[in-house]
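Work through the exercises below with the sequence and the model side by side. Try each task before reading its solution.

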Amino acid sequence: MDQENIDFSDFEQFLLIRYKKCPIHKRLIAYLRLDDKEDPQVIKCQKCLDENKFKSFIDVVELLQSDDHFILQKWPIHDDDTISENLEKIKQWPFAQYCEEVNAIFDEIVEKIQSKRKEILKDLGQIQENQQKSLDYYKQIFQKDKLVNIIKSQFDDQKKQNEMILSIIKENEQNYESNKKQLVDLIYEANKNIFDLTRIKKIKDIVLFFIYQFKIFDNEYNKDNLEQHNNTTVNNNDQSKIIFKSNQLGFNNNQHRFGRNNNKLI
Ligand SMILES: [Zn+2]
């Protein structure tokens, strides 16, 4: 057959022109019969099918129009419909959609982590600013620059030097109580927000623990699913599973509490 001249855009036309009609019914051929190796006439018409419901057959036009993963119910396996049903499901498995959803999930996590990082660094900056205020105020009432300057510049006039220093001492005496109060207040402000790196590290360990749970090929998880699949009476308590798995992974008691109550995490 000269394939060059065949217009495959219209398969019905192609079958009409290129194929002989059904030898029994003189109708256009439409099917391939696949369930009887004794029948010498495999190519059948609609009437052949109507008269004799074949167990396995292919609609020729459907076959010609089909994509690379065309799945037929009764061919090549004809005695187990679950195979073609399963293959159809596998074919429909939404890989691109899942990739998109997984990307969206991880984008959200990364975005949350980045915004937390910024928030914590900003808070650290605030603590540093408060601490600096107390140091700056101390430096101001110390009058260090003035004292140094007097020592450096008044070496040839000790009388004047003494006067100048005494004036600073008096000024300090005069403002002593208010300076002291102000300094104590600023120190209190500086120490108010204790930064606890240990707590951040503990949270990091917990976050990493849960990040490690992100996996598709998890034997424990699949085993649990299989148990649930096989045994409907299995205890389906997700929280107890988290605790159980935390135990298996050697998590300490503090972290177990996550399974029972998120608010008691730390
Ligand atoms: Zn026929």
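## Overview

The protein has twelve helices and three strands in its secondary structure; helices (H or I, at least four residues) and strands (E, at least two) are DSSP runs, numbered from the N terminus. This is a predicted model, in which local features need pLDDT of at least 70, side-chain atom pairs count only at pLDDT 80 or more, and totals for chains, interfaces and linings use all residues. Residue numbers start from 1 along each chain as its sequence is written.

## Exercise 1: burial and contacts

Task: state what percentage of the 266 residues count as buried.

Solution. Start with the cut-offs: a residue is buried if 20 or more other C-beta atoms lie within 10 Å of its own, exposed if 12 or fewer, and partly exposed in between, with C-beta atoms placed from the backbone. By this rule, 3% of the 266 residues count as buried.

Next, take the contacts, where two residues are in contact if their C-beta atoms, placed from the backbone, lie within 7 Å. Of the contacts with a separation of 6 or more, 36% are between residues 24 or more positions apart.

## Exercise 2: positive phi

Task: find where Lys26 lies, and decide whether Lys26 counts as buried or exposed.

Solution. Lys26 is in the loop between helix 1 (11-18) and strand 1 (29-33). Its phi is positive, about 60°, although Lys26 is not a glycine. Lys26 counts as exposed because it has 10 C-beta neighbours inside 10 Å.

Gln143 sits in the loop between helix 5 (95-142) and helix 6 (144-153). Phi of Gln143 is also a positive value in a residue other than glycine, near 60°. With 16 C-beta neighbours inside 10 Å, Gln143 counts as partly exposed.

## Exercise 3: a cis peptide bond

Task: identify which peptide bond joining Trp75 to another residue is cis.

Solution. The cis bond joins Trp75 and Pro76, with omega about -5°. To place it, look at Pro76, which lies in the loop between helix 3 (60-65) and helix 4 (81-92).
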